[in-house]
Amino acid sequence: MRQYITRRLLISIIVLIGVSMMLYALSRLIPADYVTLTTSTQAKITEEMKDHLRDLYGLNTSFLTGYWNWFKSAIRLDFGVSLTYARPVTEVIGSCMAVTFSIAFIALLFEVAIGLPLGILAARKRNTKTDYIITAFIFIGISLPSFFFAAMLKRLFGFYGLNLLPTSGLLNPRILYDGFTLEKLKDYAQHLIIPILVFVLTGCGSWLRFTRANMIESLESDYVRTARAKGIPERRVVYTHAFRNTLIPIVTLLGASLPSLFSGAIITEQLFGIPGIGSTAFKAYELSDVPFLMGFNVFLAFLTIVGFLISDILYAVVDPRVRLS
Amino acid sequence: MNDNNDMLAGFASVEEALEPESFYEEEDVAEHQLFLTPAQMIIRRFVRNKLAVVGTTILVLMALFCFGVPLFYEYNQTEIFYLDKDTGEEIRTFDSEERMLNSILAVMQPPGKQHILGTNKMGQDMLARLMYGGRISLMVGFIVVIIELVIGVILGGLAGYYRGWVDIVLMRLVEIVSAIPFMPLMLIVSSLLIVVKISPANKIYYVMIVLGLLFWTSVARLVRGNILSLRESEYMQAADATGIRPWHKITRHLIPNTLPNLIVTATLDLGYIILIESTLSFLGVGVGVPYASWGNMVSEVADSIIMRQHPNIWISPGLCILITVLAFNFVGDGLRDATDPKMKR
């Protein structure tokens with residue numbers, strides 16, 4: 001097991017270096033570089049000053065030296081200063097991460113809590129009305145564009161429609177809360193109902209589909225037939241015998257969804273005015289804030305690789321066969 | 001997969017035998033079965049799947065709507081319409097200067113006789129934009145899928161066939177590419193394209209190439225996995241024994257046998273990519289104004305007046321996206337069931 005983890009870890013480091021090289025190459029591709037972009041509005045700046053700035057930022061160096069310098073500072077979590085926010089990139093990411101993470105985490109809990117039981121149910125009652133309804137739900141979940149669904153919900157429940165729920169921001173700006181009270185929590189909850197509904201409905205489909213397909217496969221396997229033949233109660237057959245094997249691929253999916261907890265649905269945050277990392281990144285995009293976008297990209301790439309690593313290790317934990325290869 | 005084909009043949013004969021009409025009507029059942037190739041059996045099973053047929057019909061109609069109807073439709077996606085200030089009649093050509101001064105933009109007209117779906121914020125015909133927007137979506141889907149198939153099949157095939165260090169290197173490449181965060185990368189690419197001053201009409205081609213370069217990894221994984229398992233099969237050992245060239249082994253035996261899986265993946269990916277393209281266009285990263293795309297048409301919902309009073313402007317493109325993606329998913333699912341020998345439908 002230790003050997004397996006070490007090997008996976010080494011591979012992850014290689015992959016991380018590969019990704020960062022690709023991203024760095026992309027940032028070097030920009031013809032109008034960082035310095036030209038930041039100084040384009042200042043008339044007084046001379047070519048010499050620009051050259052000096054380029055030296056400072058390491059843009060005059062060759063690709064490999066530039067990458068090495070960038071890599072050294074990236075290890076110290078220094079991705080430079082965001083042009084839009086005039087603060088270090090790491091600080092900006094850190095400040096808006098909590099909001100995004102909590103929303104995505106709550107949504108993920110709901111998705112799993114709905115996806116797994118309903119997926120199992122659909123697999124058990126295959127080709128019945130229940131299965132068809134759940135399958136329809138799957139199809140809509142994976143085909144519905146989230147921005148369109150979000151806009152419809154906003155129109156329906158928001159100020160212009162039934163006026164039931166707030167559709168923008170996280171808190172009612174008219175109320176000043178003193179400390180963290182139950183009232184405040186309620187306000188948060190009210191603001192988050194629609195965004196989380198968007199996440200859950202558009203994200204639930206893949207969980208459902210995955211669980212259903214894997215569960216159908218396990219329910220058809222020989223050992224399940226044996227278990228039934230031995231007279232084990234159906235509940236136990238489904239939830240203990242069959243479900244355990246379904247759990248293995250689900251663990252992988254959970255690991256892979258780690259980056260999505262932090263990437264922030266740019267669209268959802270944008271539409272509902274949630275001050276998370278997604279809307280921050282979009283603002284940075286609109287103002288061509290390349291340092292921020294690069295830092296954000298590397299951060300997400302790192303999370304993706306960690307997600308892969310976690311799911312590989314978990315896979316080896318739950319399925320001992322993997323460790324051998 | 002050859003084993004699978006045998007299994008398919010087995011199922012078909014069982015099915016034929018179980019089906020009373022064909023059993024009694026056909027004089028020689030055995031002979032009839034012989035002529036049913038695996039491809040024909042897949043088609044039969046596909047046609048029996050109602051959702052898949054509905055999906056195919058929707059896609060055919062959608063393709064006609066987007067590529068055929070504009071040839072006969074009188075309006076163009078970028079034409080701007082005006083109204084006469086006094087009479088309220090629509091103006092398409094200005095015959096005098098006085099008339100030009102007397103006109104206003106025909107913005108946000110309700111659906112009516114002249115414009116079946118009304119006009120948008122710029123005074124352009126909605127129905128025409130819906131057609132041209134659909135063209136973009138379908139075209140992006142197909143081109144991206146072709147790019148990802150070409151790269152994925154070649155690299156996945158090489159990794160699966162040669163194994164060893166080729167496999168190790170290519171699989172690391174797959175991991176690297178799939179670790180690149182998609183949405184933030186698209187934001188960088190888009191800001192790059194803006195800095196280089198690529199026109200909004202051409203931007204989408206670059207976006208297609210980038211999407212293709214990012215999405216080939218799943219295809220490569222699929223092809224590699226399939227080829228690895230095919231290599232172990234007996235008929236491949238037989239092919240090895242005959243001493244045919246590697247290129248022929250790959251093109252004649254391995255790739256045709258991964259084809260059913262590839263077609264299923266390609267169909268499902270088509271829907272997914274259309275969804276992604278519309279999301280990008282919604283954010284302004286994909287197709288830019290004045291050109292239409294379903295995604296950027298929905299983005300007009302940001303205007304609260306349009307959201308409240310003109311649902312024709314943003315709901316119709318949204319529904320188009322939903323229906324098209326849904327249809328691709330129906331077809332993809334139907335194809336998966338039809339090509340899966342385990343399914344008895």
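This briefing describes the chains, their contact, the nonpolar core and some local features of the structure above.

The model is predicted, and its two chains discussed here are A and B, which touch each other through 35 residues from chain A and 33 residues from chain B. Chain A has 15 helices and 0 strands, whereas chain B includes an open sheet of 3 strands.

**Chain A as a whole**

- The C-alpha trace of chain A spans about 85 × 60 × 35 Å along its principal axes, and buried residues make up 34% of the 325 residues in this chain.
- If one takes the contacts in chain A between residues at least 6 apart in sequence, 74% of them join residues at least 24 apart.

**Where chain A touches chain B**

- The contact takes 35 residues from chain A and 33 residues from chain B, and on the side of chain A the elements that give two or more residues include α1 (2-29), α6 (129-143), α7 (146-157) and α14 (290-318) of chain A.
- The largest share of this side of chain A, 8 residues, comes from α14(A).
- Sorted by class, the side of chain A that touches chain B has 28 nonpolar, 6 polar and 1 charged residues.

**The largest nonpolar core**

- The largest nonpolar core has 140 residues, and the members that touch the most other members are Ala151(A), Ala281(A), Leu293(A), Ile273(B) and Val298(B).
- Helix α7 (residues 126-162) of chain B gives the largest share of this core, with 14 residues.
- Apart from its neighbours within four places in sequence, Ile273(B) is in contact with Val140(B), Gly141(B), Val144(B), Val145(B) and Leu211(B).
- As background, nonpolar side chains tend to be buried together in soluble globular proteins.

**Helix α13 of chain A**

- Of the 10 residues of α13(A), 8 are buried, so this helix is largely enclosed by the rest of the structure; among the buried ones are Ile277(A), Gly278(A), Thr280(A), Ala281(A) and Phe282(A).
- The buried residues of α13(A) pack against α5 (89-124), α11, α12 and α14 of chain A, together with α9 (182-195) of chain B.
- The helices α5(A) and α13(A) pack with their axes 8 Å apart, at an angle of about 140°, and they are therefore oblique to each other.
- In this packing, Val92(A), Ile93(A), Cys96(A), Met97(A) and Thr100(A) of α5(A) meet Ile277(A), Gly278(A) and Thr280(A) of α13(A), and by class the contact has 5 nonpolar, 3 polar and no charged residues.
- Just after α13(A), Ser288(A) takes a positive phi of about 50°.

**The sheet of chain B**

- The 3 strands of the open sheet in chain B have the order β2-β1-β3, with antiparallel pairing.
- Because β2 (90-91) and β3 (103-105) of chain B stand at the edges, each with a single partner strand, one side of each is left without a neighbour in the sheet.
- Strand β1 (residues 82-84) of chain B pairs with β2(B) in the antiparallel sense over 2 bridges, and Leu83(B) stands opposite Glu90(B) in β2(B).

**Loop residues with positive phi**

- Leu77(A), although not a glycine, has a positive phi of about 60°; Leu77(A) lies in the loop between α4 (63-75) and α5 of chain A, and with 15 C-beta neighbours inside 10 Å this residue counts as partly exposed.
- Arg163(B), also a residue other than glycine, has a positive phi near 50°; Arg163(B) is placed in the loop between α7 and α8 (164-179) of chain B, and with 14 C-beta neighbours inside 10 Å this residue counts as partly exposed.

Technical notes:
Residues numbered from 1 in each chain as written. Chains lettered and ligands numbered in written order. Predicted model: local features only at pLDDT ≥ 70, side-chain atom pairs only at ≥ 80, totals over all residues. Core = buried A, V, L, I, M, F, W, Y, C linked by C-beta atoms within 7 Å. Buried ≥ 20, exposed ≤ 12 C-beta atoms within 10 Å, placed from the backbone. Helix = DSSP H or I, 4+ residues; strand = E, 2+ residues; numbered from the N terminus. Contact = placed C-beta atoms within 7 Å. Pairing = 2+ DSSP bridges. Nonpolar A, V, L, I, M, F, W, Y, C, P; charged D, E, K, R; others polar. Axes fitted to C-alpha atoms, helices over the stretch in contact; angles between N-to-C directions. Parallel < 35°, antiparallel > 145°, perpendicular 65-115°, else oblique.
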